[in-house]
Amino acid sequence: YANGERKELLAVAGARLWQPRYSPSGHIVFRRTPTSSGIWGLPFSLQTLSVTGEPFLVEAEAAEPCPASDGTLAFRHGGESGQYQLAWVDRSGRMLAPISDVGGRIGQPAISPDGKRVAAAVEEGDNLDVWVFDLDRGTRTRLTFDPGSDVRPTWTPDGSTVVYLNTARSAIMSRAADGTGVEQFQCRGYVPAMSPDGRFVVFEEDGVDTKSDILMRPFPVDTSIAAVSVVASMSSETSPVVSPDGQHVAYTSDESGRWEVYLARFPSGEGKWQVSTSGGTWPAWNRRGTRLYYQFNNMLYEVDVDARSGLSLGRPHTLFRADSLGINLNPTSNFDVADGDRFVVNHSAGDEKGRQMLRIRVVQNWFEEFKENQASARKD
């Protein structure tokens, strides 16, 4: 509202509702994850600013809805399907060695500071949990058992603790990396990252008057102390990752009208340098802080970073096209980098015909097929 008040339109236990967009058909279309995932529609009146009906599924396993004024709806659809495994690949995307067994969905890998373990989100039943893979012993340890999906793991610098996102609570959680003890609630937020000295957790949070912003709190978190803003604007700032020297934070923003990777000083948030030039998401640093990597449209990119005197960025160049190599670089898979020569990725175990790639779909008059059902629901 104009007076700054907020009104909750819809909440679903155990689900995250995000990427909302208003459609002139009289709906808010939004993305729901991880339960009943896909694009949903919510009947909504602009005149009364109120919900006028029940939510309904528009397209399963779809994301990033973009409605147009003429009734057209564009969205991202699909993704890798079948069997997957974590694997090492080289700079050309060539598979070097598997890390996990072949199984269901697995992704969002995070390499431990000592390089001997990998934390990842692994599908167990209908939700995702965090597991830790021991690279030397070839074993794995399950860290989380919550019915709400646990995703986006990251490590404390000493390697003792894994910090992650619980989607059901929209909360940053943590647990000892060896599986001992119990999980600890840290704070509300999304997509955590740690500062290299281990003093702060940096994360994404929905703003009151803005979209998503990047904030930080001392770690472990004392929620009686207010979070400190790092990067905030009227646009969305997401997926922060702090440089190994602690001087800069890389993040993704849609301020240009599409997702791009940027750098700002840490922790002040001062300055802004655009890293990607034609789209970019999910940045990651090499261990020396001399290169940034990011993904976009199934491509992995590399940018040289020189922060010795001021800040100098090289021209982005492509390392490999992921989908042609059976590598999944999509918003739920991602990658991590051990050094400039090896990456941990989600690798499809099937052949090319068994993989369903990400596609953009455009549907004209998207609401036509739902009209009859909506009319029947109103009569009932």
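Q: Which residue in β7 does C66 stand opposite?
A: C66 stands opposite A74 in β7. The model is predicted, with local features needing pLDDT of at least 70, side-chain atom pairs counting only at pLDDT 80 or more, and totals for chains, interfaces and linings using all residues. Residues are numbered from 1 along each chain as its sequence is written, and side-chain values use heavy atoms, with hydrogens and water left out.

Q: What makes β6 and β7 a pair of strands?
A: A strand is a DSSP run of E with at least two residues, numbered from the N terminus, and two strands pair if DSSP finds at least two bridges between them. Four bridges join β6 to β7 (residues 73-77), so the two strands count as paired under that definition, and they run antiparallel.

Q: Why are β6 and β34 said to stand at the edges?
A: The order in this open sheet of three strands is β6-β7-β34, with antiparallel pairing. β6 (62-67) and β34 (359-363) each have a single partner strand, so one side of each is left without a neighbour in the sheet. On average, neighbouring strands of this sheet are turned by 20° against each other, direction ignored, where the axes are lines fitted to C-alpha atoms.

Q: Why is strand β15 called largely enclosed?
A: A residue is buried when its relative accessible area is under 20%, exposed when it is over 50%, and partly exposed in between (1.4 Å probe, protein chains only). In β15 (residues 161-166), six of the six residues are buried, so the rest of the structure largely encloses this strand.

Q: Which residues of β15 point one way and which the other way?
A: T161, V163 and L165 point one way, while V162, Y164 and N166 point the other way, and all are buried. In a regular strand, side chains alternate between the two faces of the sheet.

Q: What phi does G159 have in the turn between β14 and β15?
A: G159 has a positive phi of about 75°, in a hairpin with five residues between the strands.

Terms used:
Axes fitted to C-alpha atoms, helices over the stretch in contact; angles between N-to-C directions.
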